[in-house]
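I opened this entry to keep a record of what I looked up, beginning with the open spaces and then going through strands, helices and single residues.

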Amino acid sequence: MLLYHGSTVSVESPKIMQSERKLDFGEGFYTTYNREQALRWAERVASRRRSNAQVITEYAFDLESAERALKIIRFNNPDELWLDFVSMNRLGQALPESYDMVIGPVANDMVYTTVLLYEQGFLDKDATIRQLKVQALYNQILFHTEKSLQYCQYIRHEIIE
């Protein structure tokens with residue numbers, strides 16, 4: 001399986017990054033199997049860093065081997081478990097279990113707004129999940145531990161003009 005990472009630099013040796021921002025699945029190295037999504041991420045990172053550089057880095061990922069060796073949580077849909085997991089991470093709360101990898105939908109701008117309305121008490125859990133199911137969702141694959149990064153092998157990078 002091919003995975004992509006969008007940034008302002010080539011990331012030939014991924015690392016688990018600590019972040020001041022509270023992210024959907026917590027700290028780590030975020031990828032996607034959707035190249036267009038990685039391109040959008042590169043654009044956002046470039047904008048945030050006030051940079052003209054946009055780079056898509058491509059990796060080989062052996063999901064079957066990773067599933068045999070790692071503790072992975074997978075969310076196929078934005079359901080109640082996904083909502084609880086994302087909310088806990090975004091609020092900086094401790095999770096009941098730790099994982100080497102997390103795979104599931106990404107909270108894009110529309111999804112983020114819906115989750116924020118839930119976190120602020122404007123939507124209940126059922127209304128939030130119903131709203132999420134009608135939105136276009138993209139995917140993200142988080143490498144959360146150094147052990148998991150062994151399954152993410154650099155192939156190449158592309159500088160976006």
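I began with the second largest pocket and noted a volume of about 220 Å³. A pocket here is an open set of points on a 1 Å grid over the protein atoms alone, with protein on both sides within 12 Å along at least five of seven lines, whereas a cavity is a set of points where a 1.4 Å probe fits but cannot get out; lining residues have an atom within 4 Å of a point. Grid points are joined across faces, edges and corners, and the volume is the space filled by probe spheres set on the points. The model is a predicted one, in which local features need pLDDT of at least 70 and side-chain atom pairs count only at pLDDT 80 or more, while totals for chains, interfaces and linings use all residues. Residues are numbered from 1 along each chain as its sequence is written, and side-chain values use heavy atoms, with hydrogens and water left out.

The second largest pocket has 14 lining residues, and those nearest its centre are Lys22, Gly26, Glu27, Asn89 and Gly92. I sorted the lining by class and found four nonpolar, seven polar and three charged residues, where Ala, Val, Leu, Ile, Met, Phe, Trp, Tyr, Cys and Pro count as nonpolar, Asp, Glu, Lys and Arg as charged, and the others, Gly among them, as polar.

At the start of H3, a side-chain oxygen of Asp79 comes within 3.3 Å of the backbone nitrogen of Leu81, and just after H3, Gly92 has a positive phi of about 75°.

I then turned to Glu119 in helix H4 (residues 109-119), which is partly exposed at a relative accessible area of 26%. Leaving out residues up to four places away in sequence, Glu119 touches Ser87, Arg90 and Leu91, a contact being heavy atoms within 4.5 Å. Glu119 and Leu91 are 28 residues apart in sequence, and their C-alpha atoms are 8.7 Å apart.

Next came Asp24, in the loop between strand E1 (2-7) and strand E2 (29-31). Is Asp24 buried or exposed? Asp24 counts as buried because its relative accessibility is 5%. The side chain of Asp24 makes a polar contact of 3.1 Å with the side chain of Gln140; such a contact is a pair of N or O atoms within 3.5 Å, of which, within protein, one must be able to donate a hydrogen and the other to accept it, and residues adjacent in sequence count only if both atoms are side-chain atoms.

Strand E6 (residues 138-143) has five of its six residues buried. Strands pair if DSSP finds at least two bridges between them. E6 runs antiparallel to E2, with three bridges, and Phe29 stands opposite Phe143. E6 also runs antiparallel to strand E5 (residues 101-106), joined by six bridges, and here Val106 faces Tyr138.

Asn139 also belongs to E6 and counts as buried because its relative accessibility is 9%. A polar atom of the Asn139 side chain lies 3.1 Å from the backbone nitrogen of Tyr33. Beyond four places in sequence, the contacts of Asn139 include Thr31, Gln37, Trp41 and Gly104.

I looked at E1 as well: five of its six residues are buried, so E1 is largely enclosed by the rest of the structure. E1 pairs with E3 in the antiparallel sense over six bridges, and Leu2 is opposite Ala60.

How many cavities of 30 Å³ or more does a search of the whole structure find? The search finds one, and about 40 Å³ of space lies in the largest cavity. Its lining consists of Tyr4, Arg35, Ile56, Glu58, Arg156, His157 and Glu158. Strand E3 (55-61) and strand E7 (152-159) are the elements that give two or more residues to this lining, and E7 provides the largest share, three residues. By class, the lining of the largest cavity has two nonpolar, one polar and four charged residues.

My last entry is Arg50, in the loop between helix H1 (35-49) and E3, where phi is near 55°, a positive value in a residue other than glycine. Arg50 is exposed, with a relative accessible area of 79%.

Conventions
Helix = DSSP H or I, 4+ residues; strand = E, 2+ residues; numbered from the N terminus. Buried < 20%, exposed > 50% of the residue type's maximum accessible area, 1.4 Å probe, protein only.
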